[in-house]
Amino acid sequence: MVRIGIFGGTFDPIHVGHLVAAVNARHALGLDKVLMVVANEPWQKVGERAVTPARDRLAVVEAAVASCEGIEASSIEVDRGGVSYTADTVEELRRASPDTHLYLVVGADVVGGLDSWERLDAVRSTVTLVAVNRPGARSVELGPDGPLSAWRAVSIEMPALEISSTDLRCRAATGRPLDFLVPDAAIRVIRERGLYALDR
Ligand code: ATP
Ligand code: MG
């Protein structure tokens, strides 16, 4: 059975924390590929701050994963348009490949907020959740008393990388470099498209 990882995010911008998480999820679970699913309109973030246009974020993700075997950028949510719900995405992927085992990768900071997700039952019945450790977030308890007791869930470990897109946006805005925090090819696209006021 084909095993596909779904790693959703705003990726504003993508950074090596995302990439290390994706690569380690793929390795630990023997996934055929991991899709970096770029949110079109992230419902948690809309209205809170200006989000970079989805096509720009997608182009930066495409550049970041171009040389990374088994990791792919997915435009499924950008193509669908509107507000992005993971439930729609997993249902669409399930319809497209009924015989695929779907793994939904999330950082530990996301686990506590799952209860607020749209049509959570549809997500829960369709995927195995993969929790990845993240600095600043409590490590995820998988037992019967933990937050994921109603899920098929596993956890994977990666080297703790204290990197966030919020910090990167702040770095760029204050003239500090993104080098080695964001892959070179992705930084080139950020410059070409004039995003994050990098170097200005
Ligand atoms: P922001 O600061 O804008 O929220 P972010 O760095 O959290 O950005 P997101 O696009 O919100 O990035 O996150 C997408 C997914 O990647 C989430 O599941 C999140 O938990 C996970 N993730 C982000 N950064 C890391 C990291 N450094 N280590 C592990 N997981 C991460
Ligand atoms: Mg985040």
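Me: What makes the meeting of the Asp56 and Arg193 side chains a salt bridge?

Reply: In this predicted model, the N to O distance between the side chains of Asp56 and Arg193 is 2.6 Å. A salt bridge requires a side-chain nitrogen of Lys or Arg within 4 Å of a carboxyl oxygen of Asp or Glu, and therefore the pair of Asp56 and Arg193, at 2.6 Å, qualifies.

Me: How do you know that this pair links distant parts of the chain?

Reply: Asp56 belongs to helix H2 (residues 54–65), while Arg193 is in the segment after helix H8 (184–192). The two residues are 137 residues apart.

Me: Which of the words buried, partly exposed or exposed applies to Asp56, and which to Arg193?

Reply: Asp56 has a relative accessible area of 16%; buried means under 20%, so Asp56 is buried. Arg193 has 43% relative accessibility, which lies between 20% and 50%, so Arg193 counts as partly exposed. Leaving aside neighbours within four places in sequence, Asp56 is in contact with Arg193 and Leu195.

Me: Why is the pairing of the Asp88 and Arg119 side chains called a salt bridge?

Reply: The N to O distance for Asp88 and Arg119 is 2.7 Å, and the cut-off is 4 Å, so the pair meets the criterion. In the model as a whole, the count comes to 10 salt bridges.

Me: Which parts does the salt bridge of Asp88 and Arg119 tie together?

Reply: Asp88 and Arg119 meet in a salt bridge at 2.7 Å. Asp88 lies in helix H4 (residues 86–96) and Arg119 in the loop between helix H5 (108–111) and helix H6 (120–126), so the pair ties together parts that are 31 residues apart in sequence. Relative accessibility is 21% for Asp88 and 35% for Arg119.

Me: What makes Asp199 and Arg191 fall into their accessibility classes?

Reply: Asp199 has 52% relative accessibility; exposed means over 50%, so Asp199 counts as exposed. Arg191, with a relative accessible area of 44%, is partly exposed. The side chains of Asp199 and Arg191 meet in a salt bridge, at 2.3 Å from N to O. A network of salt bridges that share partners joins Asp88, Glu91 and Arg119.

Me: Which residues of H8 are buried, and how do you know on which side of H8 they are?

Reply: Ala186, Ile187, Val189 and Ile190 are the buried residues of H8. They cover an arc of only 160° around the axis, and therefore are on the same side of H8. Arg188 and Glu192 are exposed on the other side of H8. The buried residues of H8 pack against H2. Just after H8, Gly194 takes a positive phi of about 65°.

Me: Which residues have the most contacts inside the largest nonpolar core?

Reply: The largest nonpolar core has 41 residues, and Ile14, Met36, Leu178 and Ile190 have the most contacts inside it. At least two residues of this core come from each of helix H1 (16–29), strand E2 (33–38), H2, strand E6 (101–107), strand E7 (127–132), helix H7 (165–173) and H8. H2 supplies the largest share, 8 residues. In soluble globular proteins, nonpolar side chains tend to be buried together.

Me: What does Leu178 touch, not counting residues up to four places away in sequence?

Reply: Leu178 touches Leu168, Arg171, Ala172, Ile187, Ile190 and Leu198.

Me: What is the strand order of the open sheet, and why do E4 and E8 stand at the edges?

Reply: The open sheet has 6 strands in the order E4-E2-E1-E6-E7-E8, with parallel pairing. Strand E4 (71–74) and strand E8 (153–156) each have a single partner strand, so one side of each is left without a neighbour in the sheet. The twist averages 30° from one strand to the next.

Me: How many bridges pair E6 and E7?

Reply: E6 and E7 pair in the parallel sense over 6 bridges; at least two are required, so the two strands count as paired. Val106 stands opposite Ala131 in E7. H1 packs on the sheet, touching strand E1 (3–9), E2, E4, E6, E7 and E8, and the direction of H1 makes about 120° with that of E8. H4 also packs on the sheet, touching E1, E2, E6 and E7, with its direction at about 155° to that of E6.

Terms used. Residues numbered from 1 in each chain as written. Chains lettered and ligands numbered in written order. Predicted model: local features only at pLDDT ≥ 70, side-chain atom pairs only at ≥ 80, totals over all residues. Heavy atoms only, no water. Helix = DSSP H or I, 4+ residues; strand = E, 2+ residues; numbered from the N terminus. Buried < 20%, exposed > 50% of the residue type's maximum accessible area, 1.4 Å probe, protein only. Arc of directions from axis to C-beta. Contact = heavy atoms within 4.5 Å. Core = buried A, V, L, I, M, F, W, Y, C linked by side-chain atoms within 4.5 Å. Axes fitted to C-alpha atoms, helices over the stretch in contact; angles between N-to-C directions.
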